[in-house]
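User: I am new to this structure and would like a close look at a single part of it. Please keep the explanation plain.

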Amino acid sequence: MISTATIGIALFGAVYALMQNTYRRLNRSFALFLGAVTLANIPDAFDRLFVAMPGQSGELLSLFLWHTSALCLAPLFWIYVCMLTSAEQQPPPRLRRHFLLSAFAALTALAVILVPADVSAPLVSDAEFPTGEGAQVLLIVIAIAVLVIQLAVYPQMAIYLFLIVRRMMRYRLTLRDYYASTEQHELRWIYVIGGLAWLYWIALSLMLLFALDPDATEVSPIIIGVTGLASLGVVAAMTLWGLRQRPPLAPAPDDGEPPAPTSPPMGEKYEKSALSAEASSRIARKLRAAMEQDHLHRDPNLSLWALARHVGASPNYISQTLSEAIGESFFDFVNGYRIEEAKVLLSTTDDTVLAITYEVGFNARSSFYNAFKRVTGQTPTHYRKTLSFPAGMDDGQQELRDTSPH
């Protein structure tokens with residue numbers, strides 16, 4: 001029942017993703033991942049159907065489906081994350097190497113299907129060991145290959161989870177070149193999925209250790225059920241959040257061209273640019289005017305593309321000017337003006353810190369506190385308190401003065 005529900009959710013998500021007209025490459029990659037989830041759950045969902053097939057064909061087909069699909073899950077989700085967190089929605093380089101293990105699994109499963117029945121029978125049933133020496137050697141080789149494939153799922157999942165976490169950490173830094181407020185673009189749901197996947201991996205590993213223990217009894221159905229429910233929860237969460245995503249580093253259809261990729265070193269990044277020093281200085285003046293006169297920093301959803309439209313320059317030129325002429329990322333440039341205005345409001349008004357947070361362009365109090373402390377070395381509340389102290393008066397003297405009778 002759990003596997004059938006997983007198949008239903010994954011199939012719905014795959015079909016819905018394929019129907020989307022925007023960001024088609026991204027949605028196709030997500031549909032491929034959900035398709036692999038579907039195939040991986042078919043053997044469990046239709047176990048009775050496979051058992052009812054004549055001879056060993058059902059068990060062999062189930063083995064083939066599980067091996068080929070299960071080893072595709074982690075690479076396909078990794079590819080989806082790479083496309084989601086890139087400006088060009090491109091998969092990672094050397095794509096074929098990510099599927100070498102699944103190709104080996106498919107060839108091994110195909111070999112199990114094609115060998116004589118007396119050789120493959122011991123792999124899927126309690127049949128007797130074949131008598132011929134050649135058949136015995138062939139069976140041992142195939143059995144070792146099958147065991148390697150079944151065990152390879154565990155390190156493969158761990159490696160790709162590590163790659164995804166590392167990718168997301170780099171992506172959070174890259175967001176600063178595109179957005180003035182990054183919270184809503186940080187894709188925190190992938191961290192949640194990663195945490196659930198780690199728990200699922202631990203559960204599977206414990207089940208494997210339990211199965212390898214010669215003194216252990218049969219694995220409890222409760223453990224299997226809990227693991228299955230955890231898998232269903234991961235797939236449901238992935239489908240729900242994945243279908244709502246657009247690549248944050250790619251511009252909306254009306255935003256124009258995307259900025260240059262941010263991964264190469266600065267010298268390589270702009271070495272072919274046609275932007276002259278004079279044009280860069282002119283753009284820098286426009287950028288400062290956009291903040292100081294037009295107060296664009298007060299827009300909590302300000303992006304690089306919106307700023308480029310406002311000043312009438314290419315997003316790539318804006319990015320290059322910020323990096324080379326001003327020496328700041330887009331995030332630091334905009335938030336610098338936000339902090340300066342916040343300092344003025346803290347010192348000249350009685351507005352609450354929360355009201356000032358939203359007024360200067362931050363969309364979360366925690367973001368304001370972190371940015372303010374990073375620039376000034378103190379929290380907004382402490383900054384306002386120090387401004388109200390007369391020169392040379394410390395915190396204890398100020399408190400004594402405030403509580404003394406007048």
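In which kind of crossing, left-handed or right-handed, does helix 11 pass helix 14?

Analyst: This is a predicted model. Helix 11 passes helix 14 in a right-handed crossing. Two packed helices are described by the angle between their axes and the distance between the axes. Here the axes of helix 11, residues 277-292, and helix 14, residues 330-348, come within 10 Å of each other and cross at roughly 35°.

On the helix 11 side, the residues that meet helix 14 are Leu 287, Arg 288, Met 291 and Glu 292. Their partners in helix 14 are Phe 333, Val 334 and Tyr 337. By type, the residues of this contact divide into five nonpolar and two charged, with no polar ones.

Helix 7 covers residues 133-174, 42 residues in all. From its first C-alpha to its last, helix 7 reaches 60 Å, close to the 62 Å expected at 1.5 Å a residue. Helix 7 also has a kink of about 30° at Ala 152, shortly before the proline Pro 155.

The other place is Asn 363, in the loop between helix 15 (353-359) and helix 16 (365-376). Asn 363 counts as partly exposed because its relative accessibility is 28%, which lies between the 20% limit for buried and the 50% limit for exposed. Leaving aside residues up to four places away in sequence, Asn 363 touches Ser 181, Glu 183, Pro 300 and Tyr 358. Of these contacts, Ser 181 is 182 residues from Asn 363 along the chain, yet the C-alpha atoms of the two are separated by 7.3 Å.

Definitions and conventions. Residues numbered from 1 in each chain as written. Predicted model: local features only at pLDDT ≥ 70, side-chain atom pairs only at ≥ 80, totals over all residues. Heavy atoms only, no water. Helix = DSSP H or I, 4+ residues; strand = E, 2+ residues; numbered from the N terminus. Expected span 1.5 Å × (residues − 1). Bend = angle between axes of the 7 residues up to and from the residue. Axes fitted to C-alpha atoms, helices over the stretch in contact; angles between N-to-C directions. Left-handed = near helix turned anticlockwise from the far one by under 90°. Contact = heavy atoms within 4.5 Å. Nonpolar A, V, L, I, M, F, W, Y, C, P; charged D, E, K, R; others polar. Buried < 20%, exposed > 50% of the residue type's maximum accessible area, 1.4 Å probe, protein only.
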